[in-house]
Amino acid sequence: MDTKKFILTEKEIPTAWYNILAEMKNKPRPMENPQTKQPLKEEDLYPLFSRAAAHQEMNTTDTWIEIPEEVRDMYKIWRPTPLVRAIGLEKALDTPAHIYFKNESVSPVGSHKLNSAIAQAYFCKQEGITNITTETGAGQWGAALSLAAKHFGLELAVYMVKVSYNQKPYRRSIMETYGAEVIASPSMSTRAGKKIITENPNYQGSLGTAISEAVELAMTTPNCKYVLGSVLNHVALHQTVIGLEAEKQMEMAGEYPDIVIGCFGGGSNFSGISFPFLRHNIAGTANTRFIAAEPESCPKLTRGKFCYDFGDEAGYTPLIPMYSLGHNFAPANIHAGGLRYHGAGSVISQLKHDGLIEAVDIPQLETFKAATLFARTEGIIPAPESSHAIASAIRCALQAREEGKKKTILFNLSGHGLIDMSAYDSYLAGDLNNYHVPDTEIDSNTANLESLA
């Protein structure tokens, strides 16, 4: 292993989140009420979210939003996170590229998700909320919110996608250790879950299903709010501490990224690493490439339709302008459970539509090949989700070698894979497969989306 770290001090933790909405020249279309088709107002979100989260979600004017002191104090437990130059990986690839990664796996729960979990739990506590609900795919978000909820004295119910509930029992154990109730989704505890199980008894779930159940529970439980881990604007906002720190650290390294990469499910970690750098492209002072790396089996940005769609399977959420595979899309049971979501957040969708970011879809076997190379050269076993970013970075580094050009590549290592070793066991045993979604399936699943708007 041959690495070089760039470390900031506690005093250099960002004091404000960066709100890219305030600087976007083409802002996303508004979310709509599915019954009236009218644009949502901030107060329309109050029954579901904390008021602070609702306000941040609709804030299109303030470029910088102050981080509450209590939230920032909790960030100090693990932030700032290291920026690392992956010299060992560079040597293994024999590339002239310089590869850097922001190591978000050092948080207490092993991922970047705590950046937003602490903020949203704090807002609920400040409002006097006693109970919160959420969904989780691989369990990274559920683990983060479980810790944050316990810190602020909130009761938490987590609907965990059934395939991950069974694939990743230790993530479930982490949530329960922190005091959360974890329910495999779809379940018989909600109307949405019962309907799905009745229609398809063997269905292994999706993030869209788990969101439906969590939203339903929040709306039918007194003094309870729903807390989301990705997709929406306020979640992306909280994650910008990643890129804001990385900016300072790249300055310490004496370089500026030509390419910035994040894995992509709903958009939380990609937003966090990319938005602070993207603002310089918007201002015309930089020309960085931004790559969202998603699974080949769930290719919403690369092959989805840009339209209004529900954020959940049952249709409980507002209509969101997004790249979508259709809210009824049933993704393959890949091990990157955090990326098995049918749509992309409205901000990222608009940025992709305007050509300010690009996307690639990567087969499962390529991600695990990249992950094992990264582990052997850098010593960190990455989460299956993060391995999509690593695979994309390797592609870019090998292209730089072919072209004989020095490129500076930055990617977000959004989480470690120490709770995902069953996935590595399957890969090393040759038991994993790639999953390619046929065009006919995507066309069929998105055929009626235009009628929603």
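1. Basis. This is a predicted model, in which local features need pLDDT of at least 70 and side-chain atom pairs count only at pLDDT 80 or more, while totals for chains, interfaces and linings use all residues. Residues are numbered from 1 along each chain as its sequence is written, and side-chain values use heavy atoms, with hydrogens and water left out.

2. Overall dimensions. The secondary structure comes to 18 helices and 15 strands; these are DSSP runs numbered from the N terminus, helices being H or I with at least four residues and strands E with at least two. Along the principal axes, the C-alpha atoms fill a box of roughly 55 × 50 × 45 Å. The radius of gyration is 20 Å, which agrees with the value near 22 Å that a compact globule of 453 residues would have. That radius is taken over C-alpha atoms, and the globule rule is 2.2 Å times the number of residues to the power 0.38.

3. The sheet. Four strands, in the order β8-β7-β6-β9, form an open sheet with parallel pairing; two strands pair if DSSP finds at least two bridges between them. β8 (181-185) and β9 (224-226) stand at the edges with a single partner strand each, so one side of each has no neighbour in the sheet. On average, neighbouring strands are turned by 20 degrees against each other, direction ignored.

4. The β6-β7 pair. Strand β6 (residues 131-136) runs parallel to β7 (residues 155-161), and six bridges join them. Opposite Thr 136 stands Met 160 in β7.

5. Helices on the sheet. Helix α5 (residues 140-151) lies across β6 and β7 and runs at about 160 degrees to β6. Helix α9 (residues 207-220) also packs on the sheet, where it touches β6, β7, β8 and β9, and its direction makes about 170 degrees with that of β6. Contact means heavy atoms within 4.5 Å. Axes are lines fitted to C-alpha atoms, for helices over the stretch in contact, and angles run from 0 to 180 degrees between N-to-C directions.

6. α4 against α5. The axes of α4 (residues 114-126) and α5 come within 8 Å and cross at roughly 40 degrees. That makes α4 oblique to α5 (under 35 degrees counts as roughly parallel, over 145 as roughly antiparallel, 65 to 115 as roughly perpendicular and the rest as oblique). In α4, Leu 114, Ser 116, Ala 117, Ile 118, Gln 120 and Ala 121 meet Trp 141, Ala 144, Leu 145, Leu 147, Ala 148 and Ala 149 of α5. By class, the residues of this contact are ten nonpolar, two polar and no charged (Ala, Val, Leu, Ile, Met, Phe, Trp, Tyr, Cys and Pro count as nonpolar, Asp, Glu, Lys and Arg as charged, and the others, Gly among them, as polar).

7. α8 against α9. The axes of α8 and α9 come within 8 Å and cross at roughly 145 degrees. Arg 191, Ala 192, Gly 193 and Ile 196 of α8 make the contact with Thr 209, Ser 212, Glu 213 and Glu 216 of α9. This contact has two nonpolar, three polar and three charged residues.

8. Backbone details. The peptide bond from Arg 79 to Pro 80 is cis, with omega near 0 degrees; Pro 80 is in the loop between α2 (69-75) and β4 (83-85). Ser 185 and Pro 186 are also joined by a cis peptide bond, with omega about 10 degrees, and Pro 186 is found in the loop between β8 and α8 (191-199). Asp 94, a residue other than glycine, has a positive phi near 50 degrees and lies in the loop between α3 (87-93) and β5 (98-103).
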